[in-house]
Each structure stands twice: as C-alpha cells, then as structure tokens.
Amino acid sequence: MIEAALLVVFPCLVAFAGASDLFTMTIPNRVSLLLVAGFAVLAPAVGLAPAAVGFHVAAAGIALAVGITFFALGWMGGGDAKMMTAIALWFGLTPALGDFLLIASVYGAVLTLAVLYFRSIVLLPAFVYRAEWIARLHDGRNGIPYGIAIAVAALHVYPHSIWFRALL
C-alpha cells in the first residue's frame with residue numbers, strides 16, 4: 001500500500017498543479033496542502049528519521065522564504081511559491097532539491113520564451129480563441145504559468161529522490 005502511495009500521491013498532485021496552472025493560471029491551495037499532508041503521512045511510513053524530517057522541513061522553510069520574496073517582487077505567483085515550498089518539503093536538503101531547482105529554472109526559461117513567442121503572434125485563427133485557456137495564455141497581461149515548469153521539473157527529479165529508494 002505504501003508503495004502505491006509513493007507512486008501516486010506526489011506525481012498526481014504535482015501533475016494536477018501543473019495542468020491547473022496551464023488551464024486556469026491558478027494552482028489551488030488544496031494541492032499544496034495535500035502535498036504537505038502526503039509527506040506527513042508517508043515520511044514516517046517509509047522510516048524517515050526525525051532528524052531527516054527536520055531537514056525536509058528546513059528545506060521547505062527556505063523555499064517559503066524565497067518564494068514569498070519572489071512573490072513580493074512580482075517574479076512569481078503565490079500558487080507557484082506554495083507549490084515550490086511543498087515540493088521542497090518532499091525533496092529536503094538533498095541533491096534532489098538542487099537538481100529540482102536547477103531543472104525548474106531551465107524549464108521555466110524555455111517555457112517563458114515559448115509563451116513570449118506565442119504572445120508575439122499578433123493574430124491567431126478565430127477557432128483558437130474558443131478555447132478560453134489558450135486566449136488567456138496568449139494575453140500579455142497575464143503572467144507565465146510557471147507551475148508547468150515546476151511540475152515537469154519535480155516529476156523529472158522524483159524518480160531519483162529518496163522516495164524511490166524507499167520502494168527498493
């Protein structure tokens with residue numbers, strides 16, 4: 001049962017958050033809360049020592065401080081900051097966290113360039129605007145749905161994290 005939870009909880013919640021950001025430009029608070037709850041249940045279930053849990057909480061605290069700063073500066077949305085914090089809780093102060101942050105930065109840069117290019121196309125075919133999410137993505141007054149890059153990076157790194165070692 002724990003193995004199934006490890007294979008489903010984190011990946012599904014992260015994928016849902018990325019898709020939600022693409023289609024609605026928001027990441028629901030419940031997703032970040034469920035990630036935190038999932039960690040709280042699964043960490044002891046896989047035998048994570050209390051000291052290790054402390055390092056995971058420390059990583060989340062650092063991510064929250066950085067996320068709040070980025071949000072205050074207008075560099076990141078609030079949902080993105082909360083999602084990054086919840087993901088940092090799962091990865092802890094491990095190499096996986098560094099990998100995640102680096103990969104999220106690279107994917108975020110590629111996503112930003114792609115969205116900016118898409119927005120540079122002045123006139124799109126009329127049928128494209130029937131999909132509200134595409135019109136929202138094309139509108140330059142909206143931000144970049146960075147949650148997509150965060151989600152893809154988290155899913156990229158997750159198989160190399162301590163959670164998959166717990167499956168072996």
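**Terms and values**

Read along the sequence, the protein chain runs α-α-α-α-α-α-α-α. This is a predicted model, in which local features need pLDDT of at least 70, side-chain atom pairs count only at pLDDT 80 or more, and totals for chains, interfaces and linings use all residues. Residues are numbered from 1 along each chain as its sequence is written, and side-chain values use heavy atoms, with hydrogens and water left out.

Q: How many helices and strands does the protein chain have?
A: The protein chain has eight helices and zero strands, where helices (H or I, at least four residues) and strands (E, at least two) are DSSP runs numbered from the N terminus.

Q: Why is Ala149 called buried?
A: Buried means under 20% relative accessible area (1.4 Å probe, protein chains only). Ala149 has 3%, so Ala149 is buried. Ala149 lies in helix α7, residues 147-157. Of the 168 residues in the protein chain, 39% are buried.

Q: Which residues does Ala149 touch, not counting residues up to four places away in sequence?
A: With contact meaning heavy atoms within 4.5 Å, Ala149 touches Ala104, Tyr107, Gly108 and Leu111. The C-alpha atoms of Ala149 and Val106 are separated by 8.4 Å, and the two residues are 43 residues apart along the chain.

Key:
Buried means under 20% relative accessible area, exposed over 50%, partly exposed in between (1.4 Å probe, protein chains only).
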